[in-house]
Number of protein chains: 2
Amino acid sequence: MKGKRSLKIIPLGGLGEIGKNILALRYQHDLIVIDGGLMFPEDEMLGIDLVIPDISYLIENREHIRGIVLTHGHEDHIGALPYILREINAPVYGTRLTLGLVDAKLRESNFTGKVKTCCVSAGESIQLGAFQVQFIRVSHSIADAVALGIKTPVGTVVHTGDFKFDQTPVNNQPTDYHKFAELGKEGVLVLLSDSTNAERPGFTFSERVVGETFDETFRNAKERIIIASFASNIHRIQQAITTAARYKRKVAVVGRSMVNVVNIARELGYLDIPPETLIDLEDIQHLPKNRVVILTTGSQGEPMSALTRMAMCDHRKVEIITGDTVIISANPIPGNEKMVHRTIDHLFKQGAEVIYESVSGVHVSGHASQEELKLMLNLVRPKFFIPVHGEYRQLIKHAQLARDVGIPPENIFVAENGQVLEFTPERGVVTGRVTAGRVLVDGLGVGDVGNIVLRDRKQLSRDGLFIVVITIDRESGEVVAGPDIVSRGFVYVRESEELIEEAKDKVRSILRDCELRQSTDWPAIKSYVRETVGKFLYERTRRRPMILPIIVDV
Amino acid sequence: MKGKRSLKIIPLGGLGEIGKNILALRYQHDLIVIDGGLMFPEDEMLGIDLVIPDISYLIENREHIRGIVLTHGHEDHIGALPYILREINAPVYGTRLTLGLVDAKLRESNFTGKVKTCCVSAGESIQLGAFQVQFIRVSHSIADAVALGIKTPVGTVVHTGDFKFDQTPVNNQPTDYHKFAELGKEGVLVLLSDSTNAERPGFTFSERVVGETFDETFRNAKERIIIASFASNIHRIQQAITTAARYKRKVAVVGRSMVNVVNIARELGYLDIPPETLIDLEDIQHLPKNRVVILTTGSQGEPMSALTRMAMCDHRKVEIITGDTVIISANPIPGNEKMVHRTIDHLFKQGAEVIYESVSGVHVSGHASQEELKLMLNLVRPKFFIPVHGEYRQLIKHAQLARDVGIPPENIFVAENGQVLEFTPERGVVTGRVTAGRVLVDGLGVGDVGNIVLRDRKQLSRDGLFIVVITIDRESGEVVAGPDIVSRGFVYVRESEELIEEAKDKVRSILRDCELRQSTDWPAIKSYVRETVGKFLYERTRRRPMILPIIVDV
């Protein structure tokens with residue numbers, strides 16, 4: 001099987017996790033990369049800013065990479081490009097809006113290298129080595145999203161990217177059913193499909209449902225309307241702007257990423273803004289309250305975002321006032337629920353009416369639900385199926401759906417990042433494994449924070465630290481100063497003098513012991529101090545601060 | 001208004017938050033306390049074990065307290081009792097199961113004081129000073145829950161506790177509609193009602209729905225069944241056991257709190273267990289797989305719980321094997337979603353079939369939804385209404401429901417913890433404020449961790465720490481050793497030698513400066529070191545570790 005004539009599919013991210021989607025296709029000496037996304041850190045990755053995929057495999061094979069092909073402009077598909085493009089010099093292919101967002105991202109991260117970007121449109125094909133890549137229009141929660149139909153010497157591979165089947169999309173350009181049907185009819189070897197909503201029965205609602213809710217809300221709102229949404233959801237923004245214009249309201253855009261995306265989308269023609277609809281934030285004070293819409297970021301309750309600042313009375317320019325209607329047009333991403341709820345609570349306290357998730361129609365997902373996933377499987381009729389983009393249980397559910405529509409279980413691969421799946425026209429087998437994993441980005445450091453640093457942060461976060469400083473004479477080995485104690489995040493030292501004194505006594509008695517035994521094995525003494533003081537503090541407080549004995553010799 | 005003949009209602013916890021429910025009623029010199037619950041810490045309360053209410057007001061008025069009345073045995077209603085009863089010597093009234101759980105809790109926390117507990121039954125009344133307290137049966141996700149009908153010289157107060165209107169409860173004892181109707185007919189001055197599900201439209205499903213799902217799952221399961229649930233949900237446990245007996249399976253109980261609660265409930269007669277249904281965990285190996293049910297804790301993905309350990313292959317006695325069916329019979333509490341999802345993923349990886357939240361019928365809430373809340377309002381027909389038990393937006397939604405059923409807005413109080421609400425038969429007014437708030441419990445320390453300690457833990461958790469040790473001669477003021485650097489949670493020191501050396505250079509040049517200027521203002525030097533090194537490290541790493549300069553004089 002490990003023949004030269006086989007196609008290798010190598011997921012490097014996005015399997016068993018939500019985010020950092022990246023996948024390599026290889027045929028002989030030709031390699032293409034699909035997407036290059038980032039992931040937001042898990043709770044236990046204390047202090048980490050973001051997580052990017054480990055691309056060692058791509059670096060080792062950089063001379064074979066014919067191109068990086070992007071499906072759409074979300075962070076979990078393009079966010080790692082500034083890091084990837086430092087290591088890999090390959091042309092980047094994407095649709096116009098996607099590349100607009102990539103450009104902005106590279107500028108923002110002070111990317112200095114040269115990147116060749118090539119703009120493509122849905123319906124077009126390009127040849128990258130052995131691969132003929134066709135871009136297929138799909139609906140998603142960002143404009144200009146595409147799936148990929150990839151003809152290889154072994155057979156056709158379809159990669160859906162992120163998608164849904166919106167029957168009434170805002171831009172009237174539905175997912176290209178005909179193309180998927182045509183490929184299915186011709187015969188598809190492997191389908192890779194988006195598993196994000198594989199747990200959800202039925203169909204995902206059309207984006208237009210949100211427009212209807214906007215309309216109803218605008219009809220009833222007597223004063224200002226504030227809408228928070230994902231900046232990248234151009235269709236949502238379009239609906240907010242269209243509804244505002246319909247009700248003769250002006251729209252002020254607030255929040256860095258919202259301003260950026262609106263500018264890019266507008267320049268590239270992805271937003272249709274009626275003349276004189278947008279106004280500067282400063283000018284809303286000259287308008288009656290029922291003529292104003294504020295479009296902003298912060299739908300996830302992010303602490304530094306515009307909406308959160310408004311809710312906390314901490315925004316420089318916008319204050320929430322009684323009579324405001326706030327629409328939070330997004331669902332909390334798992335893990336963000338509490339932050340979102342807190343923002344809603346504060347908005348209510350400021351006197352706003354808040355319309356949020358529990359009110360139906362204020363948000364719809366951008367991902368296909370179970371019936372749509374089955375429709376994709378039935379349209380494409382692949383011989384082999386690999387669910388992608390999802391946590392493990394979502395991949396499992398998607399695999400079950402594939403079995404339900406008749407794909408033989410042995411032709412379904414619930415794979416892991418780093419696995420090498422090899423396909424011939426007849427067979428598919430897992431043949432090996434390449435390096436794959438998570439690289440943590442903390443400030444300027446890429447990959448320099450590992451398990452030890454994280455473990456220390458965790459211990460420090462729970463019970464703080466307790467430093468014991470002892471000064472000894474280098475020659476005589478006698479203690480000349482200390483023990484001194486410095487503590488942070490453990491107890492209020494001022495209210496715990498007795499505890500600190502007793503801890504010092506413990507250390508003194510250790511030191512006396514050592515003097516008696518004429519021991520100068522400082523590492524051993526340190527570890528003895530750590531153990532004794534740790535035990536003492538645990539007994540007295542049931543806390544386990546990090547204990548750092550520092551011995552200074554003079 | 002501040003007359004002697006008014007009734008004071010003083011919520012001390014549970015308003016604007018989920019948890020630590022506690023409320024005081026006062027008439028002249030008589031005071032009763034309703035519930036005494038705890039809250040689990042928020043994410044940003046690093047290292048905190050639990051949160052209890054500030055009861056300064058009760059301590060100041062301890063001689064007036066005629067009793068502590070409990071509505072049911074959940075932690076958010078009884079969990080702070082071990083702390084409260086250390087300060088307050090008052091009899092505790094509750095139903096049999098509630099007191100059984102209180103006893104266990106007091107034993108567990110090595111409570112040494114004397115507590116007078118008085119067992120009551122639904123339907124009974126007791127007189128506590130000026131208050132006649134009647135216990136009214138309600139359905140909830142724990143057995144033996146009651147609401148309170150409290151006759152006071154000013155009028156009747158109804159406190160619902162936590163409740164739902166289950167039309168087909170597992171124990172065939174529905175909420176006592178007639179009592180609420182009777183009180184409503186006689187006239188109720190104030191209703192305090194549970195707001196937990198005020199955002200949910202419609203009715204909450206009956207607990208029996210879960211039994212039906214259990215039945216279906218048991219019918220289809222070919223091998224072992226593992227059910228995780230809240231230990232306190234006796235009716236859920238009853239249904240698991242009943243279904244097991246119906247399908248001729250034996251039940252092994254695993255997990256400390258599950259074993260405890262099953263024992264207590266069984267002793268007190270709240271569980272009806274067919275003979276020979278329970279078996280020891282050790283004995284399941286002697287049974288065929290399709291004769292086994294394991295009933296366990298861990299439905300919230302808690303890291304140390306039995307189910308999580310099984311999922312992570314870390315349980316001493318139970319290993320998940322292919323063919324197991326795991327039912328997670330609970331919804332993730334907000335904030336726990338990621339832990340629950342991770343547990344589910346691992347269970348799938350071990351080869352289990354997992355039935356969880358997205359599958360309808362595997363869990364129902366114990367709290368009334370909007371239609372039930374309106375029914376309660378219509379049955380009780382109070383003059384004044386105070387929504388309790390909920391975050392701010394839930395109280396607001398509940399207030400809206402009350403307006404919808406015709407309670408005048410000026411008679412609805414969306415109150416805060418610590419507010420004093422005074423009522424006469426004609427009027428209700430907020431007249432003052434008493435101390436109320438959160439007391440953090442960390443290990444043995446109650447209230448000794450405050451904002452400074454938490455702020456330090458937060459900084460340490462994000463970027464770790466960087467200690468600079470300098471030793472100087474006390475007399476000459478000369479530097480005799482150092483600077484030495486100790487760092488944790490910041491960077492791998494071994495891979496960052498250059499950075500550390502440069503930091504040392506920065507410190508040396510500060511010290512040289514000081515020597516030249518003959519400065520011995522050590523606090524000023526420390527702060528200069530902190531600032532300079534902090535700035536240097538931020539420029540080089542974009543991280544802000546806590547910088548601790550330590551000066552040792554010898």
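Two strands count as paired here if DSSP finds at least two bridges between them. Strands (E, at least two residues) and helices (H or I, at least four) are DSSP runs numbered from the N terminus. This is a predicted model, in which local features need pLDDT of at least 70 and side-chain atom pairs count only at pLDDT 80 or more, while totals for chains, interfaces and linings use all residues. Residues are numbered from 1 along each chain as its sequence is written, chains are lettered from A and ligands numbered from 1 in the order in which they are written, and side-chain values use heavy atoms, with hydrogens and water left out.

**View 1. A three-stranded open sheet in chain A runs in the order S4-S21-S22, with antiparallel pairing.** Let's start with a bridge: A:Val441 has A:Val446 of S22(A) as its partner. Strand S21 (residues 438-442) of chain A and S22(A) are joined by two bridges in the antiparallel sense. Strands of a sheet pair through backbone hydrogen bonds, either parallel or antiparallel.

**View 2. Two annotated active-site residues of chain A, A:Asp194 and A:His367, come from an unreviewed UniProt entry.** They are spread over 174 residues of sequence, yet they cluster in space, with a largest C-alpha distance of 7.6 Å. A:Asp194 sits in strand S12 (residues 188-194) of chain A. The UniProt record also places "domain: Metallo-beta-lactamase" (unreviewed entry) at residues 19-214 of chain A. UniProt positions follow the numbering used here, feature names are shortened, and annotations may be inferred rather than shown by experiment. Over residues 19-214, chain A is 23% helix and 29% strand, and the end C-alpha atoms lie 30 Å apart.

View 3. A:Lys338, A:Arg393 and A:Tyr492 supply 11% of the area that chain A buries against chain B, more than any other three residues.

**View 4. Twelve salt bridges cross the interface of chain A and chain B.** The rule asks for a side-chain nitrogen of Lys or Arg within 4 Å of a carboxyl oxygen of Asp or Glu. In one of them, B:Arg393 pairs with A:Asp345, with the closest N and O atoms 3.1 Å apart.

**View 5. A:Arg543 and B:Asp448 meet in a salt bridge, 2.5 Å from N to O.** A:Arg543 lies in the loop between H15 and S25 of chain A, and B:Asp448 in the loop between strand S22 (445-446) and helix H13 (451-463) of chain B, so the pair joins two chains. Over all chains, the structure holds 59 salt bridges.

Terms used. Buried area is the accessible area (1.4 Å probe) that two parts lose on being put together, summed over both.
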